[in-house]
Amino acid sequence: MKKAVLTAAAVVLAVLALLAGCGKEQETPTVRIGVALYQQEDTFLSTVVQNLEQLARAEEQARGIKINLNVTDARGSQSAQNEQVDTFLQQGCDVICVNLVDRTAAAVIVDKAQAAGVPVIFFNREPVEEDLERWEKAYYVGTPAEEAGRLQGGIVLDAWKKDPAALDKNGDGILQYVMLEGEPGHQDALLRTEYSVKTLMTAGVTTEKLDNYNADWQRGLATVRMQQWLEEFGERIELVFANNDDMALGAIDACLEAGMTREEMPFIVGVDATPPALKALEEGTLQGTVRNDAAGQAQGILNLTCALLDGQDPVKTVGLEDGHYLWLTYTTVTRENLPDAGT
Ligand code: GAL
Ligand code: CA
């Protein structure tokens, strides 16, 4: 009889303990992060989001919190993105992360965020400085665009120094190139274009631009344009500068479709170091790329978010520059250092 009472008491205690546990679980602090993308289909940005999701799970474990990531796709429409931001703010997001459609349109979003008292972290598409300075809790996480251009130019320069004849197929001492550019007005398109060529020029390499085209980061558009260039310039194209890997892969697609061998193909370089680009590098169709640190940018966004929510000064804990900027570094990836590329 006594034993039965004891057992019953133990059961009650166990149930109470369970209930207490449940209660505790309900109290797990939840952080709500709204992530607004300009275009979810974008290869590089989809890797940033994958990294964000993975790292958020790790952060949940480490900090004993729950992180709700709400990702929206503006499909290239700034007005759609503004509405998505409104919804995030109405839903009570703690932080919003915005990958602007139009990088000159940040002011409206900064003002909305400030009115709601919700910090806003822009990433990948850099707002103009004055817009970021409208509010102390407006930030930018990204990579210095001109550095990608310099490193990309450096890959070509190294190859030129090693064996100029391999690039200069017509032997005129001039490097004839075409330039596949991202969207007009995007800081990465403008600066990668400028600094890749400048790097060669400053080193004393004479270049000749055959043509340039805005293929808006897209592989398919780059293929179509490269097909036209192959018809128009044929073997005169010795070098293809592409502002990103997807467009470099598009140029490679056109060369392969035209039946060119690897040796016949121009020297093609990209930026991002996406998995398909690293594969092309291994196969020898792509000659080099510049790693756009997707994991680093995702981690930077999360570190900044956590610092803000913990009430820390992000300038100190995250290492912000000028109170608003978190810069990640680019690195060169060629066949020589491919095993270290970390992918
Ligand atoms: C660049 C990246 C491109 C594209 C673009 C979108 O940094 O290299 O592939 O993702 O951002 O804004
Ligand atoms: Ca030449």
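In the predicted model, strand β3 spans residues 95-98, and its four side chains are buried on both faces: V95 and C97 point one way, whereas I96 and V98 point the other way. In a regular strand, side chains alternate between the two faces of the sheet. Strand β3 pairs with two other strands. With strand β1 (residues 30-37) the pairing is parallel and comprises 4 bridges, and V35 stands opposite C97 of β3. With strand β4 (residues 120-123) the pairing is also in the parallel sense, over 3 bridges; here I96 has V120 of β4 as its bridge partner.

The mean pLDDT is 93, and 91% of the residues reach 70 or more. Among the elements, strand β8 (residues 239-242) has the highest confidence, at 99, and helix α1 (residues 2-26) the lowest, at a mean of 51. Over residues 16-24 the pLDDT stays under 50, and the model has 0 contacts beyond four places in sequence for this stretch. Where pLDDT is low, predicted coordinates should not be read in detail.

Helix α2 contains A56. The relative accessible area of A56 is 0%, so this residue is classed as buried, the cut-off being under 20%. Beyond its neighbours within four places in sequence, A56 is in contact with I67, L69 and L302. The C-alpha atoms of A56 and A298 are 9.1 Å apart in space, although 242 residues separate the two in sequence.

The structure holds 1 cavity of 30 Å³ or more, and the volume of the largest cavity is about 100 Å³. Its lining consists of 13 residues, and those nearest the centre are D42, F44, N124, W217 and D272. At least two lining residues come from each of helices α2 (43-63) and α8 (187-202).

W217, one of the residues nearest the centre of the largest cavity, is located in the loop between β7 and α9. Its phi is near 75°, a positive value in a residue other than glycine. D216 is found in the loop between β7 (207-214) and α9 (219-233) and likewise has a positive phi, near 50°, without being glycine. The two residues fall into separate accessibility classes because buried requires a relative accessible area under 20%: W217, at 7%, is buried, whereas D216, at 27%, is partly exposed.

An open space is also present on the protein. The largest pocket holds about 550 Å³ of space. Its lining comprises 22 residues, with A159, L167, F267, Q287 and R335 lying nearest the centre. Helices α6 (145-162) and α7 (164-167) are the elements that give two or more residues to this lining. The greatest contribution to the lining of the largest pocket is that of α6, with 6 residues.

Definitions and conventions: Residues are numbered from 1 along each chain as its sequence is written. Chains are lettered from A and ligands numbered from 1 in the order in which they are written. This is a predicted model: local features need pLDDT of at least 70, side-chain atom pairs count only at pLDDT 80 or more; totals for chains, interfaces and linings use all residues. Side-chain values use heavy atoms; hydrogens and water are left out. Buried means under 20% relative accessible area, exposed over 50%, partly exposed in between (1.4 Å probe, protein chains only). Two strands pair if DSSP finds at least two bridges between them. pLDDT is the predictor's confidence in each residue, from 0 to 100. Contact means heavy atoms within 4.5 Å. On a 1 Å grid over the protein atoms alone, a cavity is a set of points where a 1.4 Å probe fits but cannot get out, and a pocket is an open set with protein on both sides within 12 Å along at least five of seven lines; lining residues have an atom within 4 Å of a point. Grid points are joined across faces, edges and corners, and a volume is the space filled by probe spheres set on the points.
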